[in-house]
Amino acid sequence: MRHGGQILVDQLAAQGVTRVFSVPGESFLAALDGLHDSGIQNIVCRQEGGAAMMAEAHGKMTNTPGVLFVTRGPGATNASAGIHIAKQDSTPMVVFVGQIARNHRDREAFQEVDYRAVFGPLAKWATEVDQIKRLPEYISHAFHLATSGRPGPVVLALPEDMLSAMADVADLPAPSPQPFAISPEQVSAITDALATAKRPLVLAGGPNWSAQAAADLAQFAEGWDIPVAVSFRRQDRIDNDHPNFVGDLGVGMNPKLGQMLTQADTILVLGARLGDTTTNGYELLDPTHPGPRILHVHPDPAELGRVFHPTLAIPARADQMLTRLAQTTGKGAWADWTKTARANYEAWQTPVATPGAVKLEEVVTWLSANLPQDSIVTNGAGNYAAFLHRYYRFRQHGTQLAPTSGSMGYGFPAAIAASLQNPDRTVVCMAGDGCFQMTCNEASTAVQHGAKPIVIVANNGRYGTIRMHQERHYPGRTSGTDLANPDFAALARAYGGHGETVTDQADFSAAFARAQSANTLAIIELRLDPDMLTPGQSLSQLQGKTG
């Protein structure tokens, strides 16, 4: 006989789970008891939003479900930001939510929430486990569903009286491997189409990538001398130094790459969803008008043809298709097309000077040139991230953690999860002053559990992205975008970490070296000129255009 919490934790062990993220609550005390002697590490976080982002980042890094425990009501709803990230980023994740006792249901009891209704649109599956004997069944199905097809989050609500009850039930094994079968006909359909192309473009992205998949993509690109772009915040899908890599199609994309997307006659989409971000709000490619020939490989059949009409639709994982495509070679009349695309990328990498004594473009280019190639770089959302996307070169798979959903606050929790998972690698979080303050309380989580990310806070005293849009639409009418910020270096020291403030560009490299040597959580605050907005525009320039 075991109580429900012990059954749950034993089932997690059977799934191969070694670490979970949580904010404790009385609604799942039995699960906390089950974790006590389990050997599964419980990373105790400070707020459920940060905990959910850590679990999501863990899922991104490992291609296995990140596991989250949160309590009922406000605990669960706090976690919704991370669950939304997992949905839009196609990240495997399993969320356990403490729930009120079953005999209190439908009375609007203390912190009562209908989790099927709340999380149904955000998750692949949201349900409640009423029968303790079915816990292994539900958990096994949750892990299978989170990792199959297009990966995503699953939410299981656990009534506290069910979880504390006793039962004699058998554990179930982890999901079996899912054999894949890419047919010769599917491969030939792609290669035959490419052979007749004049201006082909590969767009790589989506889930289920690995170092081998990245190597296969590089081999495929070489074998066909074909240009490869990546979707938003999927820049580690291929070595950015590779001569066939031509940039990312996302927010702040190279306009010349966007133009090439409109000129391509054949687009091979490997794993990406080909959405609004990739197409600049459907302006570069319009799903309501005839366009280029699209060859779409995606693990979810429902995604194929959902927005854009594909000439060829193949329900398969990108990594599995690349295993076969890497063995093919072909020649086309597009050598100059590829060279031009790469030259455009190289030119886009040339830093454009921004105002101020500290220059974000120089910080990022220094990091790109000096960080170990296996360093993990994380970010959330804000104009500061455009500098990272434009000037940093990702050279290995598994070195980028960023939300394609555009969620602020993500970079720091992701960096904590990355440091815990990879304690011997350098982990750098790029954050804006607004972005960082959404989850900076997780600094105590980092120190408590031994995570040692280096956080670079780009402090320009405002929500810069919103101010930029504000000036474009309502020039001269600043409202709700200015920030009063703390001393971020002092904040790091208050949490037991290392803090630095950089006010001159010449001091950055030495400050970073000291942060690395500290071997603990470190925060480097960059005091930026408030006039700086984006890699190519200042506030004064924008005001001059709109004034």
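Reply: A salt bridge here is a side-chain nitrogen of Lys or Arg within 4 Å of a carboxyl oxygen of Asp or Glu. By that rule, the whole structure contains 18 salt bridges. The model is predicted, so local features need pLDDT of at least 70 and side-chain atom pairs pLDDT 80 or more, while totals for chains, interfaces and linings use all residues. Residues are numbered from 1 along each chain as its sequence is written, and side-chain values use heavy atoms, without hydrogens or water.

One of the salt bridges joins K60 to D89, with 2.7 Å between the closest N and O atoms. K60 belongs to helix α3 (residues 48–62) and D89 to helix α5 (residues 80–89), so this pair ties together parts that are 29 residues apart in sequence. Helices (H or I, at least four residues) and strands (E, at least two) are DSSP runs, numbered from the N terminus. Both K60 and D89 are buried, where buried means under 20% relative accessible area, exposed over 50% and partly exposed in between (1.4 Å probe, protein chains only).

Another salt bridge brings together the side chains of R393 and E346, at 2.8 Å from N to O. R393 sits in the loop between α15 (383–391) and β16 (400–401), and E346 in helix α13 (residues 335–348), so the contact ties together parts that are 47 residues apart in sequence. R393 has a relative accessible area of 13% and is therefore buried. E346, at 35%, is partly exposed. R393 and E346 also belong to a network of salt bridges that links them with D241, R342 and R395.

A further pair is E525 with R527, whose closest N and O atoms are 2.5 Å apart. E525 has a relative accessible area of 0%, so E525 counts as buried. R527, at 39% relative accessibility, is partly exposed.

Next come the aromatic rings. Rings of Phe, Tyr and Trp (its six-membered ring) pair if their centres lie within 6.5 Å; planes under 30 degrees apart are stacked, over 60 edge-to-face and the rest tilted. The count is 14 aromatic pairs. In one of them, the ring centres of F387 and Y391 are 6.5 Å apart and the planes stand at 45 degrees, so the pair is tilted. F387 and Y391 are both in helix α15, where a spacing of 4 residues amounts to about one turn of the helix. F387 is buried at a relative accessible area of 0%, and Y391 is buried at 2%. Elsewhere, ring pairs link F28, F69 and F96 into a cluster.

Two strands pair if DSSP finds at least two bridges between them. Strand β2 (residues 19–22) pairs with β4 in the parallel sense over 2 bridges, and F21 stands opposite L68. Strand β5 (residues 93–99) also runs parallel to β4, joined by 5 bridges. There, M93 of β5 is the bridge partner of G66.
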